[in-house]
Amino acid sequence: MSTLGLFFMTAAMAAEPYQPTWESLDTRPNPQWFEDAKFGIFIHWGVYSVPAWGAKDAYAEWYWNHMQDKNGATWKFHEKTYGADFQYQDFAPMFKAELFDPDQWADIFVKSGAKYIVLTSKHHEGFCLWPSAQSWNWNAVDVGPHRDLAGDLIKAVHNKGLRMGYYYSIYEWYNPLYKADVNRYVDEHMLPQLKDLVERYQPDIIWPDGEWDHPSDVWRSTEFLAWLFNESSAPKDVVVNDRWGKECRNVHGGFATPEYGGIPEGKLIQSGHFEECQGMGKSFGYNRNEDATCYRSAKELLHLLIDNVSRGGNLLLDIGPTADGRIPDIMQQRLLDMGEWLAVNGEAIYGAEPWQDAPKMDQVRFTSKGDAIYAICLKWPGSELVIDKPAGMGAVKAMFLGHNQPLAVSETGGKVRIQMPILDIDQMPCRHAYVFKLNP
Ligand code: GLC
């Protein structure tokens with residue numbers, strides 16, 4: 001081969017490092033920004049935000065599907081409230097988002113300490129939050145808000161320096177093309193939509209879902225991913241999850257996506273990285289049937305974040321905006337509370353890793369970063385905190401984050417004993433969890 005030929009071949013290989021196979025795609029590491037970010041916000045918003053109703057333990061974004069069960073709670077609610085003749089599609093004009101202020105949302109996100117946002121660009125109902133040509137008259141620009149919700153939000157979020165990407169439901173419950181011919185659906189609808197999202201907005205994350213009907217070769221997922229990484233205008237450090245076909249979860253793709261727990265023990269995706277997703281109550285979409293007692297407290301949500309980070313994962317915590325475009329106050333408050341804690345203790349969270357030798361302690365979680373170990377106490381330890389001495393640390397120094405004065409430390413029998421400072425309750429730098437930094 002000529003030198004020129006060789007040059008072109010090498011250049012082409014450099015430009016297209018991934019083959020459309022799982023063997024090749026699974027070698028791609030999760031971009032570092034994602035592993036460091038730890039805390040993201042999930043947003044479920046769509047036509048289902050109009051009825052915004054489900055049984056207390058149900059996903060309200062499944063309203064259309066749950067309506068089909070004529071003995072179920074959702075149908076009873078629907079018939080009584082809107083009448084038996086009222087179609088799910090009739091909700092679309094009522095989705096107006098008239099109070100939607102993407103800058104205000106982005107402000108709250110920044111204050112929450114979250115580092116990235118994942119918005120439902122399209123859920124299983126098929127309604128698109130962007131002007132998708134493939135979803136003519138079933139998208140937020142043609143009907144309802146008459147606004148590019150996905151585009152306006154990503155602009156505002158990027159302006160504040162946070163990352164953002166899209167959830168995208170691969171399947172659609174009632175799309176006639178999907179029901180008639182899945183291959184045509186993939187060719188003419190799904191792949192064009194996914195590519196359109198990428199080329200229009202250059203999202204930082206692609207978060208598919210609704211993959212369970214078919215294996216990834218039917219969805220042509222590896223072909224899409226090779227295109228995404230090699231050719232598309234997405235950022236080079238775009239992140240993807242593991243929901244690419246019914247055989248994929250915990251096996252193929254970028255990071256695993258447990259939902260209310262459920263990472264099979266010892267069966268982690270190549271990088272070991274996972275992102276736990278949960279609502280603040282049970283539902284992802286706004287559920288008007290959930291009252292304040294259904295929402296976890298700020299303390300519970302923080303403990304959920306801390307526990308996941310100590311095990312090497314991220315938390316994607318969901319909010320469900322209303323049809324008029326507001327983030328419900330209780331959700332804003334939870335986000336602000338988390339942000340207040342993270343402003344003091346973020347050092348123990350962002351960019352941290354699990355402490356591999358961490359002892360199992362009921363009320364303490366551990367992370368590590370550089371030569372430091374962080375003991376995150378889920379409740380105040382009393383007069384002293386006693387933990388196993390980190391191997392090879394030498395003389396241990398200890399500090400209470402937010403208080404920032406050295407604490408008295410003694411060492412006996414492989415244990416470190418840290419004397420708690422005597423503090424007035426009003427002098428506490430934070431509530432809900434207390435972080436002690438140990439370093440040489
Ligand atoms: C699920 C559900 C859904 C929710 C989601 C979040 O598979 O179908 O309603 O969007 O996953 O992880």
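I'll start with helix α5, residues 73-81, where the buried residues are Thr-74, Trp-75, Phe-77 and His-78. They sit on the same side of α5, because the arc they cover around the axis is only 160°. Keep in mind that this is a predicted model. On the other side of α5 we have Lys-76 and Lys-80, both exposed. So what covers the buried residues of α5? The cover includes α4, residues 63-67. Just after α5 comes Gly-83, and its phi is positive, at about 95°.

Next, two helix pairs. A packed pair is described by the angle between the two axes and by the distance between them.

The hand of the crossing is right-handed. As for who meets whom, α6 contributes Pro-102, Asp-103, Trp-105, Ala-106 and Phe-109. From α7 the partners are Asp-152, Leu-153, Ala-156 and Val-157. Sorted by class, the residues of this contact are seven nonpolar and two charged, with no polar ones.

The other pair is α12, residues 298-310, with α13, residues 329-345. Here the axes come within 9 Å and cross at roughly 55°, and that makes α12 oblique to α13. This crossing is right-handed. On the α12 side, the contact residues are Ala-298, Leu-301, Leu-302, Leu-305 and Ile-306. On the α13 side, you can pick out Arg-334, Asp-337, Met-338, Trp-341 and Leu-342. The class count for α12 with α13 is eight nonpolar, two charged and no polar residues.

Ser-216 lies in helix α10, residues 216-219. Is Ser-216 buried or exposed? The relative accessible area is 4%, and the cut-off for buried is under 20%, so Ser-216 is buried. Which residues does Ser-216 touch, leaving aside those up to four places away in sequence? They are Trp-22, Ser-221, Trp-244, Gly-245, Lys-246, Glu-247 and Cys-248.

Last topic, backbone angles. Most residues other than glycine have a negative phi. Arg-220 is not a glycine, yet its phi is positive, at about 55°. You will find Arg-220 in the loop between α10 and α11, the latter being residues 221-230. With 26% relative accessibility, Arg-220 counts as partly exposed.

His-432 is also a residue other than glycine with a positive phi, near 80°. Where does His-432 sit? It is in the loop between β14, residues 415-419, and β15, residues 434-439. At 16% relative accessibility His-432 counts as buried, since the limit for that class is under 20%.

That is the end of the slides.

Technical notes. Residues are numbered from 1 along each chain as its sequence is written. This is a predicted model: local features need pLDDT of at least 70, side-chain atom pairs count only at pLDDT 80 or more; totals for chains, interfaces and linings use all residues. Side-chain values use heavy atoms; hydrogens and water are left out. A crossing is left-handed if the near helix is turned anticlockwise from the far one by less than a right angle, and right-handed if clockwise. Helices (H or I, at least four residues) and strands (E, at least two) are DSSP runs, numbered from the N terminus. Contact means heavy atoms within 4.5 Å. Ala, Val, Leu, Ile, Met, Phe, Trp, Tyr, Cys and Pro count as nonpolar, Asp, Glu, Lys and Arg as charged, and the others, Gly among them, as polar. Buried means under 20% relative accessible area, exposed over 50%, partly exposed in between (1.4 Å probe, protein chains only). The arc is that of the directions from the helix axis to the C-beta atoms. Axes are lines fitted to C-alpha atoms, for helices over the stretch in contact, and angles run from 0 to 180 degrees between N-to-C directions. Angles under 35 degrees count as roughly parallel, over 145 as roughly antiparallel, 65 to 115 as roughly perpendicular and the rest as oblique.
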